[in-house]
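Here are my notes on this model, as promised. Have the coordinates open while you read, and go point by point.

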Amino acid sequence: MQFLSSYQIFFDEKFIIEYHEGIMTLEKMKNFNLKESSNQDYSPNFDLLLDIRQITFKGFVKDIKDYIEFVRSHKDISGKRKLAVLASKPYQVVFSTFLSMFSVKLPQTMKIFNSLEAAMFWLGHPLDIRKVNSCLNHLKENAELCV
């Protein structure tokens, strides 16, 4: 299975939604982050909703440490912000928990959720849940191969 990703930046709301599906590796996620951060509307300080409910991870603890170091060395990727992770499977929660533990070196606050409503409430963003759901559906339909 491939790794497909897409994102939407809501510039006025200072908010980003990311959708990912397939098999995610450290290298593929790095490539996605570099592509996303090169968008002129991207800001590392925009809050982020990260949907990984359709992801399978390849790699584990060592890769998480490497990924955190990658993000730390690229200040244009992650700044002071909230990061809400949508997960639905136990291994996604475990992976996200490890990521959260190692991400204390980053200036962001991260929490894991199994419902969109809870994630949006915690993020405190004014976007309507229907609009976010619609955006996620659009991102899923238009997800691109990330190599």
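**Notes on the model**

1. Let's start with Cys-135, which sits in helix α5; helices here are DSSP runs of H or I with at least four residues, strands are runs of E with at least two, and both are numbered from the N terminus. Cys-135 counts as buried because its relative accessibility is 8% (buried means under 20% relative accessible area, exposed over 50%, partly exposed in between, with a 1.4 Å probe and protein chains only). Not counting residues up to four places away in sequence, Cys-135 touches Gln-8, Phe-10 and Ile-17, where contact means heavy atoms within 4.5 Å. Phe-121 is 14 residues from Cys-135 in sequence, and their C-alpha atoms are 17 Å apart.

2. Before going on, a word on what you are looking at. This is a predicted model, in which local features need pLDDT of at least 70 and side-chain atom pairs count only at pLDDT 80 or more, while totals for chains, interfaces and linings use all residues. Residues are numbered from 1 along each chain as its sequence is written, and side-chain values use heavy atoms, with hydrogens and water left out.

3. Now helix α4, residues 116-123. Which of its residues are buried? Leu-116, Ala-119, Met-120, Trp-122 and Leu-123 are. They lie on the same side of α4 because they cover an arc of only 160 degrees around the axis, the arc being that of the directions from the helix axis to the C-beta atoms. An α-helix has 3.6 residues a turn, so residues three or four places apart point the same way. The cover over the buried residues of α4 includes β2, β3, β4, β5 (109-113) and α5 (129-141).

4. Ala-118 also belongs to α4, but this one is partly exposed, with a relative accessible area of 31%. Its C-alpha is separated by 19 Å from that of Val-94, 24 residues away along the chain. After α4 comes Gly-124, with a positive phi near 70 degrees.

5. Where is the nonpolar packing? The largest nonpolar core has 29 residues, and Met-24, Ile-52 and Tyr-67 have the most contacts inside it. (A nonpolar core is a set of buried Ala, Val, Leu, Ile, Met, Phe, Trp, Tyr and Cys residues joined through side-chain atoms within 4.5 Å.) Two or more residues come from each of β1 (3-10), β2, α1, β3, α2, β4 and α3. A second, separate core of 20 residues includes Leu-116, Leu-123, Leu-127 and Leu-136.

6. Take Met-24 on its own. Leaving aside neighbours within four places in sequence, Met-24 contacts Phe-3, Met-29, Ile-55, Thr-56, Phe-57, Lys-58 and Phe-95.

7. Have a look at the cavity too. There is 1 cavity of 30 Å³ or more, and the largest cavity holds about 400 Å³ of space. It is lined by 31 residues, of which Met-29, Asn-33, Leu-50, Tyr-67 and Leu-99 are the closest to its centre. (On a 1 Å grid over the protein atoms alone, a cavity is a set of points where a 1.4 Å probe fits but cannot get out; lining residues have an atom within 4 Å of a point. Points are joined across faces, edges and corners, and a volume is the space filled by probe spheres set on them.)

8. What supplies that lining? The largest share, 5 residues, comes from α2. By class, the lining has 19 nonpolar, 7 polar and 5 charged residues (Ala, Val, Leu, Ile, Met, Phe, Trp, Tyr, Cys and Pro count as nonpolar, Asp, Glu, Lys and Arg as charged, and the others, Gly among them, as polar).

9. Pro-44, between α1 and β3, counts as buried at 18% relative accessibility. Its C-alpha is 7.6 Å from that of Arg-81, 37 residues away in sequence. Lys-14, in the loop between β1 and β2, has a positive phi of about 55 degrees although it is not a glycine.

Note on methods
1 Å grid on protein atoms, 1.4 Å probe; cavity = no way out; pocket = protein on both sides within 12 Å on 5 of 7 lines; lining within 4 Å.
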